[in-house]
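Biologist: Please bring up the model. I have some questions about its side chains.

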Amino acid sequence: MTRTPIELRHLQTLLALRDTGNVSRAAQWLHLTQSALSHQIKALEDFYGLPLFVRKSAPPSFTPAGKRLLELAEQVVPSVEAAGRDLVRLAQGTRGTLRIAVECHTCFDWLMPAMDVFRARWPEIELDIVSGFHADPIGLLHQDRADLAIVSEYDPDEAVDHHPLFSFQMVALLANDHPLCAKPFLDAEDFRAETLITYPVPDDMLDLMRQVLIPAGIEPARRTTELTVAILQLVASRRGLAALPLWAVSGYLERRYVTARPITRAGLTGKLYAATLPALSGKPYIGEFVAVMRETSLMNFPEIELL
């Protein structure tokens, strides 16, 4: 029998490169350093004396050898992953309900694709979203009204397990003809005389307020609305400024509906976590759902970085 150096990890790496579009994001997906991922691919290329993809191309351009291994990866990797899930089911008889509570209005943009992927992998798990926006999703876990909560802060005193998801850049949004567009970034003082347009949530749930304005002692005039598109319309109409995740508004920015600027010279970063009670954290479908949320978000939103 002819031995081959091709391993499952090589095939997973090639799929990650294709689906994420670059080495850095593929390494995040696979929980590897960039150097470890590059070394893995280089060892395979050296064995066969063939390059698998063109370096410095974005997204990666695969050679005929790389395309052949991608064909193999598409056949093998899903089958191996499905077999692993089946073994878990045989061992644990996994069935259950996964009720999800969210505290962010923009979460659904990335949560829906993740739910679709998870539903195909775990059809026996009943997925449900706890209706409405919740200012205290952790409380729903303790009340047994939700099984998993999407939250923006890590609080070790909440008696829950926090599973890191991703970080993202928050940007200030301005009308295209607003005088502040002339600045390379906005600092706290720029918001003092402006109306801040936000979702109707407590200030401690708004990254801009919690991280920038409250520490600076600035309390701008406020206007609230439930809908992202309404926030953008108000901004475009010079009714005020807003701060939203870059990934949530990138389509509007591409169409130049509004203008975005970084918040502070260093930028403003938001983070998201999945929270579960310790008793549920060990359930295999919980771990799978967390992994799916991370993977689909990394693949679909180039503006995010995995935590």
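Biologist: Over the ring of which residue does the charged end of Arg55 sit?

Modeller: This is a predicted model, where local features need pLDDT of at least 70, side-chain atom pairs count only at pLDDT 80 or more, and totals for chains, interfaces and linings use all residues. Residues are numbered from 1 along each chain as its sequence is written, and side-chain values use heavy atoms, without hydrogens and water. A charge sits over a ring if NZ of Lys or CZ of Arg is within 6 Å of the ring centre and within 35 degrees of the ring normal. At 4.4 Å from the ring centre, Arg55 sits over Phe53.

Biologist: How far from the ring centre of Tyr252 is Arg255?

Modeller: Arg255 lies over the face of Tyr252. The distance to the ring centre is 4.9 Å.

Biologist: Is the pair of Phe168 and Trp247 stacked or edge-to-face?

Modeller: Rings of Phe, Tyr and Trp (its six-membered ring) pair if their centres lie within 6.5 Å; planes under 30 degrees apart count as stacked, over 60 as edge-to-face and the rest as tilted. For Phe168 and Trp247 the centres are 6.0 Å apart, with 85 degrees between the planes. The pair is therefore edge-to-face.

Biologist: What is the relative accessible area of Trp247?

Modeller: Buried means under 20% relative accessible area, exposed over 50%, partly exposed in between (1.4 Å probe, protein chains only). Trp247 is buried, and its value is 4%.
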